[in-house]
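Colleague: I have a structure open and would like to learn how to read it. Could we go through it feature by feature?

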Amino acid sequence: MTLDPSVVLPLDTAVSVTNPDDTTVVSIPATPSLLATLGTPVEGWNQPVDLVVWRASETHVVERPGVVRRLNDDGTPGAVLLDISDATKAEGERGLLGLAYSLDGTRAFVNYTDLTGSTIVARFDMRDDGTFDVASRRQLLEIAQPYPNHNGGDLLVTPDGADLLVFTGDGGAGGDPDRYALDPTSLLGKIVRLDPTADAPEPEIWSVGLRNPWRVSVDPTTNRLWIADVGQNEVEEINVVALADVKGASFGWSAFEGKRPYNDDQLERHSAYRSIEPVLEYEHEDGDCSVSGGTVVRSDDIAAVGDWYLFSDFCSGVVRALCVDGSTECGLLALGKVPSSVGVLSDHTGRPWVLSLDGFVVPVVSDR
């Protein structure tokens with residue numbers, strides 16, 4: 001494809017933040033502050049949906065049809081490291097959705113939907129050249145999906161390497177019709193913990209009340225977990241919680257959509273847990289309708305004062321930066337627009353990249 005440069009819009013963040021129609025939406029605070037913009041799009045990818053650092057020395061990109069590739073320094077696609085395209089199908093919200101590595105990089109964990117639509121978490125041994133040993137594959141978890149959407153799909157190995165966290169959606173359809181998200185007997189709508197060293201790990205529910213978590217990350221500086229959770233009809237939400245506080249928490253769905261009451265019959269279930277309220281929620285206005293997380297800016301090349309979390313919206317394509325001081329919002333900037341944006345994630349150098357399902361990636365770069 002040939003990318004139309006007009007659909008990737010860097011916006012002026014030196015004085016004010018504007019929408020593509022030139023209307024001012026917020027002024028930049030003197031402090032905290034962020035000087036960042038969107039760089040030049042890099043084409044050649046096939047539905048990139050995740051970006052993961054391996055051994056702190058290189059970065060790998062997940063392509064939804066079932067392929068993992070190396071990210072070259074210039075953003076172009078590198079060598080194929082894994083191809084399981086015969087085991088999954090990229091349709092709707094399905095496909096190869098998530099990837100994580102053990103701390104030493106000797107093992108990989110992938111999250112995908114199989115040809116029947118079930119969620120599969122599998123483990124592979126890694127070779128020293130970064131390729132996956134396909135013969136070593138071991139299935140760790142299978143979750144039947146009642147509907148084709150809301151599969152979640154992200155994976156995270158905790159900074160101490162002791163836990164593999166699986167982020168699941170509520171099972172799909174709309175409105176949590178089967179009330180899975182807060183059901184303590186269901187693995188849907190949860191943060192599920194697996195032992196990454198076990199061949200047959202027993203799943204343990206750590207948190208409840210997620211709808212469709214789409215891209216999660218841990219800020220290594222603060223050890224806080226960031227979750228972008230796609231909303232129903234009215235609001236999108238971003239949650240932040242200390243990793244130490246994840247166990248026993250509820251993110252609210254479907255008793256609440258964001259902070260708004262939703263299914264009253266789920267309030268009692270929600271009240272049994274420690275409630276985590278969104279640090280940011282935004283309405284379905286001006287084309288926004290589906291949040292995509294998300295990484296905290298920790299790049300030496302980007303001038304930042306304060307903690308700034310980058311995220312985007314799949315529908316509007318607007319890439320934003322959210323400043324958070326503790327649990328309080330302290331600024332919101334728009335950096336530009338990337339169509340079909342499905343995530344903003346950092347590579348092994350700390351540079352953030354916006355991933356587009358349309359087949360390209362866009363670096364976030366300094367604006368000074």
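Colleague: In which loop is the place of Arg 179?

Modeller: This is a predicted model. Arg 179 sits in the loop between β14 (164-167) and β15 (191-194). Its phi is near 55°, a positive value in a residue other than glycine.

Colleague: Is Arg 179 buried or partly exposed?

Modeller: Arg 179 counts as partly exposed, because its relative accessibility is 21% and buried means under 20%. Arg 55 also has a phi near 55°. Arg 55 is in the loop between β5 (48-54) and β6 (58-63), and it counts as partly exposed at 34% relative accessibility.

Colleague: How should I read the confidence, and what does the protein average in pLDDT?

Modeller: Where pLDDT is low, the predicted coordinates should not be read in detail. Here the average is 93, and 92% of the residues score at least 70. Residues 1-20 stay under 50, although the model gives them 55 contacts beyond four places in sequence. Residues 23-29 are below 50 too, with 17 contacts beyond near neighbours in sequence.

Colleague: Which residues touch the most other members of the largest nonpolar core?

Modeller: That core has 45 residues, and the ones with the most such contacts are Val 68, Leu 99, Tyr 101, Val 110, Phe 132 and Trp 226. Leaving aside residues up to four places away in sequence, Trp 226 touches a list of residues that includes Arg 215, Ile 238, Val 279, Tyr 309 and Leu 322. A second, separate core has 18 residues, among them Leu 34, Val 338, Phe 360 and Val 364.

Colleague: Which strand gives the most to its lining?

Modeller: β19 does, with three residues. β19 (235-242) and β21 (256-257) each supply at least two. By class, the lining has four nonpolar, two polar and five charged residues. Trp 253 is one of the lining residues, and the peptide bond from Trp 253 to Ser 254 is cis, with omega near 5°. Ser 254 lies in the loop between β20 (249-250) and β21.

Colleague: How many residues apart in sequence are Thr 37 and Pro 363?

Modeller: They are 326 residues apart in sequence, while their C-alpha atoms are 8.6 Å apart in space. Thr 37 lies in strand β3 (residues 33-38) and is buried, with a relative accessible area of 10%.

How values were computed
Residues numbered from 1 in each chain as written. Predicted model: local features only at pLDDT ≥ 70, side-chain atom pairs only at ≥ 80, totals over all residues. Heavy atoms only, no water. Core = buried A, V, L, I, M, F, W, Y, C linked by side-chain atoms within 4.5 Å. Buried < 20%, exposed > 50% of the residue type's maximum accessible area, 1.4 Å probe, protein only. Contact = heavy atoms within 4.5 Å. 1 Å grid on protein atoms, 1.4 Å probe; cavity = no way out; pocket = protein on both sides within 12 Å on 5 of 7 lines; lining within 4 Å. Helix = DSSP H or I, 4+ residues; strand = E, 2+ residues; numbered from the N terminus. Nonpolar A, V, L, I, M, F, W, Y, C, P; charged D, E, K, R; others polar. pLDDT = per-residue confidence, 0-100.
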